Amino acid sequence: MFPGQALAMTGGQAQNLCQGARNGNAADLLKLRKAATRADRSAESWLGVYYGTEKHFSEAVYWTRKAALQGDGQSAFVMGGAYYYGNGVPVNDRKAVHWYRKAAALDYAGAGRMLARAEFRLGKACHAAGRGNQQEEAKAAYWYRRAALHGNAQAENRLGYAYFSGQGVPQSDEQAVYWYRKAAAQGNAGAENNLGVACETGRGLPRDYAQALRWYGRAARHGDTGAETNLGVVYYQGKGVAADEAAALRWWRKAAAAGDRRAQRYLRAVGGSR
């Protein structure tokens with residue numbers, strides 16, 4: 001039992017004092033601070049909330065950390081956010097993961113989702129820092145997997161591509177498709193495009209140009225410029241659909257206008273950049 005816990009105020013009482021303090025009631029703020037200095041967990045937590053809403057982030061972190069260390073799920077979640085967004089402390093995704101994990105273990109709502117986002121961001125950082133470096137690519141794949149196992153669609157797609165390209169994990173087209181499908185089921189446009197590539201190339205799925213066209217179309221409708229470019233190629237070459245240069249040019253122009261360099265190259269090659 002933590003000091004003062006036997007006489008602890010309820011979360012509702014601490015929340016009411018916090019609200020009173022926010023409304024300018026100095027007596028309520030004093031009561032909340034006195035309880036917090038006696039290591040009352042609820043008071044520490046809501047005093048942290050008070051200082052956070054007042055934009056005194058360093059003070060907020062001080063009290064929130066105290067409550068989190070006493071097992072308060074809300075405070076553990078807020079500590080994760082402090083490190084994820086850089087409120088009162090420098091951005092640090094590893095520390096964000098640490099606190100979000102504690103919040104998730106305490107069944108705090110939303111902790112799993114934010115944990116996955118922090119893990120995904122760690123994966124991206126490792127990937128960016130270590131292009132061509134096997135050790136860093138393995139770290140990236142590790143974090144993508146952690147985030148993917150928490151249901152993050154971006155991480156599922158990135159992990160799929162790691163398997164597709166053999167970056168940080170043994171190359172496996174089947175594993176790539178497995179993770180692409182999970183991400184696509186959540187509407188991830190990049191994964192839909194990657195499934196189109198799998199169907200077009202026959203890697204991990206039977207070669208099927210009609211299915212490739214379907215996946216490219218879904219991804220393009222969701223705004224994926226790579227899929228728009230791929231649709232242009234499919235229409236230009238007549239794969240799974242009647243060749244249609246006008247349709248190809250429309251898709252390439254759309255992707256090129258969004259900055260897709262492949263589409264820009266295709267347009268220059270066929271003289272359709274205008």
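The model is predicted, so local features need a pLDDT of at least 70 and side-chain atom pairs count only at pLDDT 80 or more, while totals for chains, interfaces and linings use all residues. Residues are numbered from 1 along each chain as its sequence is written, and side-chain values use heavy atoms, with hydrogens and water left out.

Asp28 is found in helix H2, residues 26–37; helices here are DSSP runs of H or I with at least four residues, numbered from the N terminus. With a relative accessible area of 14%, Asp28 is buried (buried means under 20% relative accessible area, exposed over 50% and partly exposed in between, with a 1.4 Å probe and protein chains only). Leaving aside residues up to four places away in sequence, Asp28 touches Asn16, Leu17, Gly20 and Ala21, where contact means heavy atoms within 4.5 Å. Leu17 is 11 residues from Asp28 along the chain, yet their C-alpha atoms are separated by 5.1 Å.

Next come some loops. Lys55 sits in the loop between helix H3 (41–53) and H4. At 60% relative accessibility, Lys55 counts as exposed. Its phi is near 70°, a positive value in a residue other than glycine. Why point this out? Because most residues other than glycine have a negative phi.

Is the loop residue Gln70 buried or exposed? Gln70 lies between helix H4 (57–69) and helix H5 (73–85), and it is buried, with a relative accessible area of 10%. A polar atom of the Gln70 side chain lies 3.0 Å from the backbone oxygen of Ala39. A polar contact is a pair of N or O atoms within 3.5 Å; within protein, one must be able to donate a hydrogen and the other to accept it, and residues adjacent in sequence count only if both atoms are side-chain atoms.

Now look at how helices pack in pairs. H6 and H7 pack at an angle of about 160°, with their axes 9 Å apart. Axes are lines fitted to C-alpha atoms, for helices over the stretch in contact, and angles run from 0 to 180 degrees between N-to-C directions. H6 and H7 are therefore roughly antiparallel to each other, since angles over 145 degrees get that name, under 35 is roughly parallel, 65 to 115 is roughly perpendicular and the rest are oblique. Their crossing is left-handed, meaning that the near helix is turned anticlockwise from the far one by less than a right angle; clockwise would be right-handed. Among the H6 residues that meet H7 are Asp93, Val97 and Tyr100, and H7 residues taking part include Met114, Leu115 and Leu122.

How does H6 lie against helix H8 (residues 134–149)? These two pack at an angle of about 30°, with their axes 14 Å apart, and are therefore roughly parallel to each other. H6 passes H8 in a left-handed crossing. Here Arg94, Val97 and Arg101 of H6 meet Tyr142, Trp143 and Arg146 of H8.

Buried residues of H10 include Asp173, Trp179 and Tyr180, and what covers the buried residues includes H8, helix H9 (153–165), H11 and H12.

H12 (residues 209–221) has 13 residues and reaches 18 Å from its first C-alpha to its last, close to the 18 Å expected. At its start, a side-chain oxygen of Asp208 comes within 3.1 Å of the backbone nitrogen of Ala210. Just after H12, Gly223 takes a positive phi of about 90°. Buried in H12 are, among others, Leu213, Trp215 and Tyr216, and the buried residues of H12 pack against H10, H11, H13 and H14.

We end in H14, with Ala248. Ala248 is buried, with a relative accessible area of 0%. It touches Gly232, Tyr235 and Tyr236, not counting residues up to four places away in sequence. Ala248 and Leu231 are 17 residues apart in sequence and 6.9 Å apart in space, C-alpha to C-alpha.

Key. The expected span of a helix is 1.5 Å times one less than its number of residues.
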